[in-house]
Amino acid sequence: MKGTLRKKYIAAGCLLIICFLSCLLVTANLLRESVVESWNHRKLQEIVSEIAGQLIQSDWKISEEDMDSRASENDVMIAITDENLKILFSTRSWEIAKGEFGTKTTKAINDGEKNLDSTGNSFASYFDDANKAFFVEVNKVLGYGYIIVRKSITGLNSSTQAMLICFLIAGGFTMLFGTLAIIYLSGKMVKPIQEINKVTGQIADLNFDEKVMVNSNDEFGALAESVNVMSDRLKESMGELQKEVEMRKTLVRNMAHELKTPVAVIMGYAENMSYMKDQPEKIEKYCNVISEECGRMDVIVHQMLENSSYKKGECELHKTYFQVQTLMDSIRKCYMDEFPGRKGDYVECNEVRGTVWGDMEVIQRALYNFIKNAVAYGNKEGMIRIFAREEEELIHFTVFNEGNPIPKEEQEKIWDVFYKVNTARTRNRNSFGIGLSIVKQAAEAHGGSVGVQNVRGGVEFHFTMKKTK
């Protein structure tokens with residue numbers, strides 16, 4: 001199948017040239033007599049018109065010398081008669097001697113009598129098998145007489161044949177050079193298609209490094225540019241897909257790791273309860289442990305569902321205008337209720353005036369995840385500070401906690417689900433590595449972003465969102 005399109009272009013081009021030449025030959029042969037007749041009719045009309053104007057101006061006084069010169073110059077025969085068709089002058093001397101015209105001239109005058117009476121002009125043409133043509137133009141000048149101009153053509157077929165031979169030679173050169181031009185042009189046309197086909201084949205094999213090298217400004221250039229853009233976008237999408245697949249694999253492994261321990265604890269305690277029918281105190285203890293582990297699993301599942309709903313865009317936000325101070329008060333209350341015995345300082349600072357547009361409950365959960373993260377990973381008695389400020393159309397929340405810095409290479413990873421800087425995953429902290437991922441999704445849902453940086457004495461987390469609609 002290679003090169004098939006080029007062969008089609010060449011065959012179609014050659015066929016088109018052959019059809020064109022054939023049509024010209026057939027048309028020339030069919031219209032030969034009509035074309036010759038039309039051209040001679042027009043020429044004889046011009047000669048008759050000039051003679052008539054000259055004779056009328058001279059009051060029908062004939063200059064034989066001028067008529068002979070005009071007849072010789074145009075290769076015609078001229079005759080002038082009075083109104084009774086009496087010959088006054090003729091370039092054919094025998095017509096003057098006999099006082100009559102030849103058969104074809106007489107027939108043309110008789111056949112054109114009606115036209116002469118109505119329009120003053122008539123034209124007749126005669127073709128015979130003897131390779132001759134004869135044309136007669138008659139003009140009637142009222143009050144004076146008739147002007148008759150005739151033209152005889154011999155060797156018409158041979159002239160036509162010579163013309164056709166020249167035409168065939170020219171057609172042969174046209175065919176030769178036309179075919180070469182078609183071969184060259186078809187190669188130029190097919191080359192971009194072959195280049196595009198090669199690259200699309202590479203794309204089909206998931207190789208996105210090849211590019212179409214077509215730099216023309218026509219449709220092929222536009223198609224090549226589209227293929228290159230498609231390749232880049234597919235490469236980007238494949239990269240994101242592969243990254244997401246790896247993330248999902250990691251997520252499944254981590255989720256299995258997080259759920260494995262509580263499931264094992266529940267199974268162990270449940271199996272041992274059947275042997276403690278007479279020990280209600282232990283049964284109660286075992287039930288409390290099972291309930292605690294079930295609660296732990298419930299928290300993991302709910303946090304995973306919340307994180308997934310953000311990623312899929314299924315989380316419906318209920319945005320309203322609210323005061324930032326109201327938000328800060330709610331976060332402080334949650335902190336006091338959950339960590340009543342913590343000795344570290346809790347400091348807040350609010351520089352935002354006016355209202356903010358957003359889902360206060362979602363933002364509160366997100367910022368509170370920062371607070372819980374600070375409690376879990378910061379110094380036990382270290383300070384926690386939450387700070388809110390505004391900048392043009394953005395609101396910036398910052399949560400600082402005293403503690404060890406986060407390694408530079410870990411700072412981008414902490415926003416991934418189940419990722420923890422402390423890879424040992426100690427269970428006494430009740431942390432699952434999902435909270436920061438939820439914070440990131442909540443910020444993006446409000447047109448903002450998150451960030452983290454190590455500062456003097458600890459770590460600072462950032463949450464940015466739009467201030468208004």
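This is a predicted model: local features need pLDDT of at least 70, side-chain atom pairs count only at pLDDT 80 or more; totals for chains, interfaces and linings use all residues.
How many disulfides does a search of the whole structure find? The search comes back with zero. Cys294 is partly exposed, with a relative accessible area of 37%. Cys334 is also partly exposed, at 26%.

Now for the inside of the protein. The largest nonpolar core is built from 37 residues, and Phe370, Phe397, Phe461 and Phe463 are the ones with the most contacts inside it. At least two residues of this core come from each of helix H10 (324-338), helix H11 (360-377), strand E9 (384-391), strand E10, helix H12 (435-445) and strand E12. Helix H11 puts in the largest share, nine residues.

Strand E12 (residues 458-466) deserves a look of its own. Seven of its nine residues are buried, so the strand is largely enclosed by the rest of the structure. Strand E10 (residues 394-402) runs antiparallel to E12, and the two pair over nine bridges. In that pairing, Leu394 sits opposite Lys466 of E12. Strand E11 (residues 449-455) pairs with E12 as well, again in the antiparallel sense, through seven bridges. Here Val450 has Phe463 of E12 as its bridge partner, and Phe463 is also one of the core residues with the most contacts. E11 and E12 make up a hairpin with two residues between them. Gly457, in the turn, has a positive phi of about 90°.

What about charged pairs? The whole structure contains 17 salt bridges. One of them joins Asp232 to Lys211, with the closest N and O atoms 2.2 Å apart. Asp232 belongs to helix H8 (residues 219-273) and Lys211 to the loop between H7 and H8, so this pair ties together parts that are 21 residues apart in sequence. Both partners are partly exposed: Asp232 has a relative accessible area of 38%, and Lys211 comes in at 28%.

A salt bridge also connects the side chains of Arg332 and Glu348, at 2.6 Å from N to O. This pair, too, links distant parts of the chain, since Arg332 is in helix H10 and Glu348 is in strand E7 (residues 346-350), 16 residues apart. Arg332 is partly exposed at 28% relative accessible area, and Glu348 counts as partly exposed at 24%.

Why does Glu361 count as exposed? Its relative accessibility is 52%, and the label applies to values over 50%. Arg365, at 33%, counts as partly exposed. Elsewhere, Glu50, Asp66 and Arg70 are linked in a network of salt bridges.

With 47% relative accessibility, Leu180 counts as partly exposed.

Note on methods
Residues are numbered from 1 along each chain as its sequence is written. Side-chain values use heavy atoms; hydrogens and water are left out. Buried means under 20% relative accessible area, exposed over 50%, partly exposed in between (1.4 Å probe, protein chains only). A disulfide is a pair of cysteine sulfur atoms within 2.5 Å. Helices (H or I, at least four residues) and strands (E, at least two) are DSSP runs, numbered from the N terminus. Two strands pair if DSSP finds at least two bridges between them. A nonpolar core is a set of buried Ala, Val, Leu, Ile, Met, Phe, Trp, Tyr and Cys residues joined through side-chain atoms within 4.5 Å. A salt bridge is a side-chain nitrogen of Lys or Arg within 4 Å of a carboxyl oxygen of Asp or Glu.
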